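Work through the following exercises with the coordinates open, and try each task before reading its solution.

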Amino acid sequence: MSHVRSPSVSTYPEGPEEHHTIAPRRVSFDWRDTPLHWIPDEPTATHVINVLHLLLPAGERWFVKVFKEALPLVRDPALLKDVKGFMGQEATHSVQHAYVLEHLAHQGLDTAPYTRHVDFLFEYLLGERPPFAAPVSTQEWLRFRLSLIAAIEQFTAVLGNWVLHADGLDRARPDPVMLDLLRWHGAEEVEHRAVAFDMYEHTGGEGLPRYARRVLGMAVTAPVLLYLWAWGAAYLIRHDPQLAGRLRYSLREHNRAVRKQLLPTWRELGAAVPRYLKRSYHPSQEGSLRKAVAYLASSPAARAAAGAVGRAAIS
């Protein structure tokens, strides 16, 4: 199999960097004091971001399952190590976002009617076998799903980079635990931003068919993500017990939050697509690894997890 792999010394926007080891951090968060509207007086921004919690528990479990299927195809030891680190990080993300769903339920916001649809998407429509007995080979179905993960990871890298630089969130004085969750997760998305792409390039065949499938993966991913996000934000706002039907999700309110730098701009999100579609593209171009690593060194949850590992090693 052909394989396009970033070298051990990669050129990032801020200059050359040694290859970075990817490893999961067994973080935990205490949600007891986190309010339902964790960005004060900003329910639309709060719930647009909360869609992450609706999509990621099932989505990131699915990432891990698909990568497990593809592991026997990996012939590059360095890539294999990165992939296993990626899988560990994504499994932890899934668990932590699922805990937020429990917290929302305790506050009277039941997300199960929405997440059942997300579960159906990942478990049946994108499961181990093609849905509806579609005549797609096992190899091609796996490659297609890997192309979807690579495309999704393009957006998670962009979002991760955004949240690390989102001064508007700091000015809004959000709940510090939720902000740490988002920035810890965002930092790890920037940290492993190239792994899914490298995995697809390594296992996706050669030449034009591999590139065409990459384009198809983005062509499917971008509109589906947009639809799921708008639907999820509308669902959360409509069922928010504190709003009691007084607010609906609207582009006007969304764009107001964008102007306050509480959400990424449409330009930031949309520009991620043409970058990804360039034949020469590699995700090491996204964001700042140094910024991500610096946040992970200061994150309260990541520091606590590192301390727990250190204490266990000593005892």
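**Exercise 1.** Locate Ala 133 relative to H3 and H4 in this predicted model, and decide whether Ala 133 counts as buried or exposed.

*Solution.* Ala 133 is found in the loop that runs between H3 and H4. The next step is its relative accessibility, which is 71%; since exposed means over 50%, Ala 133 counts as exposed. Turning to the backbone, Ala 133 has a positive phi of about 55°, although it is not a glycine. Most residues other than glycine have a negative phi. Phe 132, in the loop between H3 and helix H4 (138–165), also has a positive phi, near 60°.

**Exercise 2.** Identify the nonpolar surface patch to which Phe 132 belongs, and classify the accessibility of Phe 120 and of Phe 132.

*Solution.* The patch is formed by Phe 120, Tyr 124 and Phe 132, which together have about 370 Å² of accessible area. Phe 120 is found in helix H3 (residues 112–125), whereas Phe 132 lies in the loop between H3 and H4. With a relative accessibility of 46%, Phe 120 counts as partly exposed, while Phe 132, at 67%, counts as exposed.

**Exercise 3.** Classify the ring pairs Trp 62–Phe 122 and Phe 197–Tyr 276, and state which helices each pair connects.

*Solution.* A search of the whole structure finds 15 aromatic pairs. For Trp 62 and Phe 122, the ring centres are 5.2 Å apart and the planes stand at 40°, so the pair is tilted. This pair links Trp 62 in helix H1 (residues 43–70) with Phe 122 in helix H3, 60 residues apart, and both residues are buried. For Phe 197 and Tyr 276, the centres are 6.1 Å apart and the planes stand at 85°, so the pair is edge-to-face. Because Phe 197 lies in helix H7 (residues 195–203) and Tyr 276 in helix H11 (residues 272–277), the pair ties together parts that are 79 residues apart in sequence. Phe 197 is buried at 3% relative accessible area, and Tyr 276 counts as buried at 1%.

Note on methods. Residues numbered from 1 in each chain as written. Predicted model: local features only at pLDDT ≥ 70, side-chain atom pairs only at ≥ 80, totals over all residues. Heavy atoms only, no water. Patch = residues over 30% accessible without salt bridge, like charges linked within 9 Å, V, L, I, M, F, W, Y side chains within 5 Å. Areas by Shrake-Rupley, 256 points an atom, 1.4 Å probe, with all protein chains shown as cover. Salt bridge = Lys/Arg side-chain N within 4 Å of Asp/Glu carboxyl O. Helix = DSSP H or I, 4+ residues; strand = E, 2+ residues; numbered from the N terminus. Buried < 20%, exposed > 50% of the residue type's maximum accessible area, 1.4 Å probe, protein only. Phe/Tyr/Trp six-rings, centres within 6.5 Å; stacked < 30°, edge-to-face > 60°.
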